[in-house]
Amino acid sequence: MSTINEQLDSLKTEALSSLNNIINKEELMMWRTKYTGRSSALSSILKNLKDVPQEKRKEIGLLVNDIKKNLELLFKDKDASFDNKIANEIDRNIDISLPGLPVRNGSLHPITIALNKTLKVLSQLGFSSIEGPEAETSHYNFDSLRIPDDHPARDMWDTFWLDSSFNNEELLLRTHTSPMQIRFLEENDPPIRIAVPGKCYRYESTDATHEWMMHQVEILAIDKNVSIANLKATLQSFAYEMFGSDAKIMLRNSYFPFVEPGVEMAVFFRGEWLEVMGAGMVHPDIISAAGYDPNVYSGFAAGMGIERIAMLLWDIDDIRYFYQNDLRFLKKFKN
Ligand code: DAH
């Protein structure tokens, strides 16, 4: 067991080294209480002096008092040095009573907010979210969706090609989220009800309603006895939930190679119809390519543009605002 002298020595070393690490007055007060206060180790040695052998009692008593006095002096010095520091700052014309600079909270990007809202409404309609690759093969992006090489519809989906390839197939940046219809069908059996959010890319010049990068959410529902009435009801419920029950919406016929019949949904916005999604009944060829009898299984699909939805949600007249990183614009959206 260590002698009482050794204990006092190590106590002193500990007190001195922890004093060195102190950076403000509060810490200093705590240090003082810990090492010289009424319940400090030093005080308790003094209180129990009677347990020390008679011949050492006086020596230890003096030693403890000496250490205590020393620590008190060090306390006063350090305390004064903090006071000086503040005085110096006042001397240097730093007004320490001025409020600090506000720390700005970040917030979600409007497209993230619109995407989250879209997925939430879709989940209420029974669609679960799943993501797919942004770098796609032309097999999934085009051919498996019935868009062959020489099909004029490919012009609509001109895109960026990558230098890298996958399994000897050239890769491109997907032009839509529709390829996940095929990927999901390869791995899963009906009933299917999925929503696929993600970025898509097109080689095109930008204008008020077009960007070369945008977000889409694809939906796919496949089961027995799915009809176009189900498609219409789903799209209507979605639109009213997103834009309010007074929103003016229109479904009109359209063409997409992977659906038959195809439609597009437009919402009335600033005196015009703004197309927000393409949709249709999944083409029977796609259902049989997935290994199901198109006389038994049917389904619908849709692909919606999130930037367009965000424009409608907040009455924004130009899609290009979203990616200019102008804080004056971005700050207006609170999650
Ligand atoms: N993929 C189409 C596009 O980007 C949108 C689309 C149209 C998706 C019809 C669909 C659909 O699922 O059925 O232009």
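User: In which loop does Asn225 lie?
Analyst: This is a predicted model, in which local features need pLDDT of at least 70 and side-chain atom pairs count only at pLDDT 80 or more, while totals for chains, interfaces and linings use all residues. Residues are numbered from 1 along each chain as its sequence is written, and side-chain values use heavy atoms, with hydrogens and water left out. Helices (H or I, at least four residues) and strands (E, at least two) are DSSP runs numbered from the N terminus. By this numbering, Asn225 lies in the loop between strand E6 (213–224) and H8.

User: What is the value of phi at Asn225?
Analyst: Asn225 is a residue other than glycine, yet its phi is positive. The value of that angle is near 60°.

User: At what angle do the axes of H5 and H8 cross?
Analyst: Axes are lines fitted to C-alpha atoms, for helices over the stretch in contact, and angles run from 0 to 180 degrees between N-to-C directions. The axes of H5 (residues 110–124) and H8 (residues 228–243) come within 10 Å. They cross at roughly 135°.

User: How are H5 and H8 oriented to each other?
Analyst: Angles under 35 degrees count as roughly parallel, over 145 as roughly antiparallel, 65 to 115 as roughly perpendicular, and the rest as oblique. The crossing angle of H5 and H8 is roughly 135°. The two helices, H5 and H8, are therefore oblique.

User: Which residues of H8 meet H5?
Analyst: Contact means heavy atoms within 4.5 Å. On the side of H5, the residues are Ala114, Lys117, Thr118, Val121, Leu122 and Gln124. By class, the contact of H5 with H8 has five nonpolar, two polar and two charged residues (Ala, Val, Leu, Ile, Met, Phe, Trp, Tyr, Cys and Pro count as nonpolar, Asp, Glu, Lys and Arg as charged, and the others, Gly among them, as polar). The residues of H8 that meet H5 are Phe238, Glu241 and Met242.

User: How many nonpolar residues does the contact of H8 with H10 have?
Analyst: The axes of H8 and H10 (residues 306–314) come within 10 Å and cross at roughly 45°, which makes H8 oblique to H10. From H8 come Phe238, Met242 and Phe243, which meet Ile309, Leu312 and Leu313 in H10. No polar and no charged residues take part, and the number of nonpolar residues is six.

User: Why are H5 and H10 described as roughly perpendicular?
Analyst: The axes of H5 and H10 come within 9 Å. H5 and H10 are therefore roughly perpendicular, as their axes cross at roughly 95°.

User: Where does Pro191 lie, and which residue is joined to Pro191 by a cis peptide bond?
Analyst: Pro191 lies in the loop between helix H7 (179–187) and strand E5 (192–201). The peptide bond in question has an omega of about 0°. It joins Pro191 to Pro190.

User: In which strand does Pro261 lie?
Analyst: The peptide bond from Glu260 to Pro261 is cis, with omega near 0°. Pro261 belongs to residues 259–269, which form strand E8.

User: How far apart are the centres of domain 1 and domain 2?
Analyst: The bounds come from an automatic or database domain assignment, which divides the protein chain into domain 1 (2–93) and domain 2 (110–333). Taken over C-alpha atoms, the centres are separated by 71 Å.

User: What radius of gyration does the protein chain have?
Analyst: The radius of gyration is taken over C-alpha atoms, and the globule rule is 2.2 Å times the number of residues to the power 0.38. For a compact globule of 335 residues the radius would be near 20 Å. The C-alpha trace spans about 105 × 55 × 45 Å along its principal axes. The radius of gyration of the protein chain is 36 Å.
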